[in-house]
Every structure is written in structure tokens, then in C-alpha cells.
Amino acid sequence: SQTVIGQPFSYPDGTAKITAAIVTMVPGQSTGWHMHEAPLFAHMLEGELTVDYGVDGSRVYKAGDSLIEAFETLHNGTNTGDVAVRLIAVFAGSDTVPNTVMEEHSEK
């Protein structure tokens, strides 16, 4: 009924669009700061992923862990293990919102 950082969630308006992907990250690789506009279920297949949720702290996920990821909140995942991370991500989105939005950086 809530995300890993305690957010209640609801499904986006529009026509349902379920998307699944296997994400692979090499040791030390990061996702970059991003947010999800659709609920996301993830299951860790291999490795260790540390996700920084900013003011909501960090969480470490390992092979076998399942979670409902934070959404509409910036976060950054980093493979902090010694082997590749592999996870399956299933978005319960719609045709009205993107699954993932990357943070835009401005050069100063």
C-alpha cells in the first residue's frame, strides 16, 4: 500500500500501460538522479544496489529483495557490490505519464 519511503500511491489516469524490463548495472555504475511518475515494482535478481532518496535516506537492496519504488521523488541508485546488478522492473503506468524522468542538470 506504500512505497519504500512510506508514500501512499495510486495509479495514474489514462489507459493502463504495463512495462517490464531487466536492468543490468556494472559495479560502480549509477542510474543518475531520476524519478518515476508511475508505480514501479522491482525484484533484485543479482547484486547489491544502494539507492539514495535524498532527505528520505538511503536503502540497500540485495538479491531476493522486492520493493515498490518511490515515485515523484528524485533518487539515485548505485551498484555498490562487486558483481553486476540485475533487477526486473515492472511499471504499472498509463499512456498519460512517462515511467521515468531524468533530472535535468544546468551548467553554472
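A salt bridge is a side-chain nitrogen of Lys or Arg within 4 Å of a carboxyl oxygen of Asp or Glu. Keep that in mind as you explore this predicted model, where local features need pLDDT of at least 70, side-chain atom pairs count only at pLDDT 80 or more, and totals for chains, interfaces and linings use all residues. Residues are numbered from 1 along each chain as its sequence is written, and side-chain values use heavy atoms, with hydrogens and water left out.

**First stop: the salt bridges**

How many salt bridges does the structure hold? There are two.

Select E48 and K62 to start: their side chains meet in a salt bridge, at 3.6 Å from N to O. Now show the strands (DSSP runs of E, at least two residues, numbered from the N terminus). E48 sits in strand β4 (residues 48–52) and K62 in strand β5 (residues 58–62), so this pair links distant parts of the chain, 14 residues apart.

Move on to E46 and R86. Their closest N and O atoms are 2.9 Å apart, in a salt bridge. Here E46 belongs to strand β3 (residues 40–46) and R86 to strand β8 (residues 85–94), distant parts of the chain that are 40 residues apart. E46 is partly exposed at 35% relative accessibility, as is R86 at 29%.

**Second stop: the aromatic rings**

Rings of Phe, Tyr and Trp (its six-membered ring) pair if their centres lie within 6.5 Å; planes under 30 degrees apart count as stacked, over 60 as edge-to-face and the rest as tilted. A search of the whole structure finds two such pairs.

Select F9 and Y11. Their ring centres are 6.0 Å apart and their planes stand at 90 degrees, so the pair is edge-to-face. F9 is partly exposed, with a relative accessible area of 24%, while Y11 counts as exposed at 57%.

Where do F9 and F71 lie? F9 is in the segment before β1 (16–25) and F71 in the loop between β6 (66–68) and β7 (76–79), so the pair ties together parts 62 residues apart in sequence. Is F71 buried or exposed? F71 counts as buried, at 8% relative accessibility.

To finish, select F9, Y11 and F71 together: they form one aromatic cluster.

Key. Buried < 20%, exposed > 50% of the residue type's maximum accessible area, 1.4 Å probe, protein only. Helix = DSSP H or I, 4+ residues; strand = E, 2+ residues; numbered from the N terminus.
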